Amino acid sequence: MSGVIDIRGVEYSYPDGRKVLNGVDLAIAAGERVAILGPNGGGKTTLALHLNGILQPHAGTITVSGVPVAEEHYREVRRMVGLVFQDTNDQLFMPTVREDVAFGPMNLGLTDEALDQRVDAALEVVSGAEFADRPPHHLSGGERRRAALATVLSMEPEVLVLDEPTSGLDLAARRELILTLADLPMTQLVITHDLPLALELCPRSVIMNGGRLVADVTTGDLLEDLDLLAENRLELPYGFDRSTDHPGL
Amino acid sequence: MGAGHSHALYVHEHSVVHRMAPQAKLVAALGMVVSIAITPREAVWAFGFYAAVIAGLTGVSRIRPGFLAVRLLAVAPFVLFALFIPFIATGETTEVLGITVSVDGLWGTWNILAKALLGASVSILLTATTEIPDIIRGLSILRVPALFISITTFMIRYLELIADELGRMRVAMTARGYDPRWISQARPIASSAGALFVRSYERGERVHAAMLARGFTGEMPMPSTEAIDRSQCAGVLMLVVLFAGTAIVALVAT
Ligand SMILES: Nc1ncnc2c1ncn2[C@@H]1O[C@H](COP(=O)(O)OP(=O)(O)O)[C@@H](O)[C@H]1O
Ligand SMILES: [Mg+2]
C-alpha cells in the first residue's frame with residue numbers, strides 16, 4: 001500500500017477565518033501521477049500543506065500508505081511525503097546545497113557513510129553534483145529547482161508533492177525537470193498551471209476551485225473540454241497542438 | 001558576484017591561508033583581535049609590528065592591498081568620530097598646524113584609528129580566505145552553541161534575500177516617482193520597513209514549514225567533525241603567541 005493517498009472530507013480555515021478547503025475528497029493509487037489544476041487562490045497549496053501535517057484539517061481525515069496524518073505519526077508521514085515548495089528560497093535554507101540535501105536524512109538520524117550515500121544518490125537523480133557545494137542563492141532558477149527536489153528525494157519518499165514546479169523556469173530547465181520527474185517511480189501530485197506539463201506527466205487531472213474538487217478527469221479529455229478549462233481560468237498556450245507537440249500521447 | 005563565490009567578501013584564490021582549517025583561522029583571528037584590543041595605545045611600535053604581520057599575511061593570502069583598502073572603508077563611519085576627539089577632549093593641549101588640540105584627545109584618536117583598522121583588517125583577511133559555510137563549520141567544531149550557529153546560518157542565508165527584497169521595493173517606489181530627498185517623504189520609507197518586516201516574518205514561517213516537512217524537530221542536526229593537522233596548529237599557535245606576546249610586552253613596558 002506504499003504511496004497510496006486517501007483524502008476524505010477535508011475542511012480547513014486559516015486563522016483569519018477564511019474557509020479555504022470546503023470538503024475535499026481525493027483517492028490516489030500507488031505510483032499514480034495526478035495533476036492538481038485550478039485558479040490562483042483555489043486552495044491547492046493549502047491542500048498540499050495538509051499532506052504531511054504542516055496544516056491540520058478542521059474536519060475530515062487524510063492517510064498516506066495507510067498511516068493517518070496525525071501528530072503521533074508526523075515523523076513517519078514526513079518521511080513518506082516529500083513536499084517541494086513553490087518558492088525554492090523557502091525550501092533551501094542551508095549555506096550549501098549539499099547541507100540542505102543532508103538536512104532531511106539527518107533529521108531521520110542518518111550519519112556518516114549512510115548519510116553521504118543518501119545525499120549523493122539524491123544529487124545524482126537531479127544531476128546536481130556540479131552545484132552541490134555552492135550556496136543556493138547563487139544558482140540559476142533551474143538549478144535551484146533541481147536542488148529543491150533533491151532535498152526531498154534524499155528522504156526517499158513514497159509520495160512526491162510538487163507545488164508549481166515549473167514556475168519561473170526557462171524552457172530548457174522546464175524540459176530537464178519534466179524528464180527527471182517522468183523517471184521517478186513514486187506517487188506524484190503535481191500542482192501546476194502548466195497544462196502541457198500536466199498532459200505530458202500526468203494521465204489524470206483534478207481541478208480545485210473555491211476549496212473543492214470540481215473535476216476529476218483524464219488529462220487528455222480535460223484539454224478537449226474548453227468550457228471546463230475556461231470555467232476554471234485554465235488556458236492552453238497559444239498555438240498548442242496536442243497531435244504535433246506530443247506525438248506520443 | 002561570480003560563479004562559485006559564496007559571498008561578496010570572499011576572494012577566490014589557492015593560498016596556504018585559504019587552505020587552512022576554518023576553526024584554526026577563527027582561533028587565530030580571535031587571538032589577534034584580542035591582542036590588538038588590549039595593547040596600550042602608547043606602544044606605537046607594537047601596532048607597527050601588528051601591521052607588518054598583517055601585511056605579510058595579506059601577501060601570503062594573495063589578497064590585493066587595494067581589496068583590503070576598499071573593505072576597510074567600512075569602518076570609516078566609526079573612525080570619523082575619532083577625528084573629533086582632540087577637539088572635544090579636555091586637559092593638556094598642544095598645537096597642530098596652528099590649531100589648539102587636546103593631547104589626550106590625540107592619543108584617543110590614534111587608539112581608535114589603529115585598533116579599528118588593524119582589527120578590521122584581520123576580519124577582512126578571515127572572510128576573504130574562508131567561505132561562509134566553512135566559517136560556520138569552524139564555529140561548530142569550536143563548540144559554539146548550536147542555537148547561535150543556527151541563527152548565524154539563517155542570517156547569512158537570508159540577509160542577501162532581504163537586501164534583495166528591500167532593493168526591489170525601492171525600485172518599485174522609484175518607478176512610481178518616489179524621490180526620497182525631502183524629510184516629508186520619509187513616510188514611505190518607514191512603512192516599507194514595516195512591509196519588509198512582515199515579508200521577512202512570513203518568509204520565516206514558510207521556511208519553518210519547509211523544515212518541518214523534512215522532519216525538523218527543533219534541533220539543528222550538525223555534521224560530524226573532522227580533525228585538523230598539526231602543521232596548521234603550529235601556524236595558528238605561532239601567530240597567536242606572536243600577537244599575545246607583543247601585547248603583553250607592550251602592557252608591561254608602558
Ligand atoms: N497564511 C494564510 N493566511 C490566510 N489566508 C491564506 C494564507 N495562505 C493562503 N491563504 C488564502 O487561502 C486561499 C487559498 O490559497 P492557496 O492554497 O495558496 O491557493 P492556490 O495555491 O490554489 O493558489 C487564498 O484565498 C489565500 O489568500
Ligand atoms: Mg499556490
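Q: Is Ser61(B) buried or exposed?
A: Buried. This is a predicted model, and in it Ser61(B) has 1% relative accessibility. The cut-off for buried is under 20%, so Ser61(B) qualifies.

Q: Where does Ser61(B) lie in chain B?
A: In the loop between α3 (44-60) and α4 (65-72).

Q: And what does the side chain of Ser61(B) reach?
A: The backbone oxygen of Leu57(B), at 2.7 Å.

Q: What about Ala74(B), buried or exposed?
A: Exposed. Its relative accessible area is 56%. Ala74(B) is placed in the loop between α4 and α5 (76-82) of chain B.

Q: How many residues separate Ala74(B) and Leu106(B), and how many Å?
A: They are 32 residues apart in sequence. In space, C-alpha to C-alpha, the distance is 22 Å.

Q: Switching to charges. How many salt bridges over all chains?
A: The structure holds 16.

Q: Why can such side chains pair?
A: Opposite charges can pair when the charged atoms come close.

Q: Which side chain does Arg8(A) meet in a salt bridge?
A: That of Asp6(A), at 2.8 Å, N to O. Arg8(A) is exposed, at 52% relative accessible area.

Q: Which residue pairs with Arg204(A)?
A: Glu32(A). Their side chains form a salt bridge at 3.2 Å, N to O. The pair links distant parts of the chain, 172 residues apart. Arg204(A) is in strand β9 (residues 204-209), and Glu32(A) is in the loop between β2 (19-28) and β3 (33-37).

Q: Is Arg204(A) buried or exposed?
A: Buried, because its relative accessible area is 15%. Glu32(A) is partly exposed, at 22%.

Q: What does Arg175(A) meet in a salt bridge?
A: Glu200(A), with 2.8 Å from N to O. This pair also links distant parts of the chain: helix α7 (residues 171-183) holds Arg175(A), helix α8 (residues 195-201) holds Glu200(A), and they are 25 residues apart. Both ends are partly exposed: Arg175(A) at 32%, Glu200(A) at 27%.

Q: Which residues do shared partners join into one network?
A: Glu32(A), Arg204(A) and Asp216(A), through salt bridges.

Q: Last topic: the surface. Which residues form the negative patch?
A: Asp221(A), Asp225(A), Asp227(A) and Glu231(A).

Q: Where is Asp227(A) found?
A: In helix α10 (residues 226-231) of chain A.

Q: And why does Asp227(A) count as exposed?
A: Because its relative accessible area is 59%, and exposed means over 50%.

Conventions
Residues numbered from 1 in each chain as written. Chains lettered and ligands numbered in written order. Predicted model: local features only at pLDDT ≥ 70, side-chain atom pairs only at ≥ 80, totals over all residues. Heavy atoms only, no water. Patch = residues over 30% accessible without salt bridge, like charges linked within 9 Å, V, L, I, M, F, W, Y side chains within 5 Å. Areas by Shrake-Rupley, 256 points an atom, 1.4 Å probe, with all protein chains shown as cover. Salt bridge = Lys/Arg side-chain N within 4 Å of Asp/Glu carboxyl O. Lys, Arg positive; Asp, Glu negative; His and termini not counted. Charge placed at Lys NZ, Arg CZ, Asp CG, Glu CD. Helix = DSSP H or I, 4+ residues; strand = E, 2+ residues; numbered from the N terminus. Buried < 20%, exposed > 50% of the residue type's maximum accessible area, 1.4 Å probe, protein only. Polar contact = N/O pair within 3.5 Å; in protein donor to acceptor, adjacent residues only side chain to side chain.
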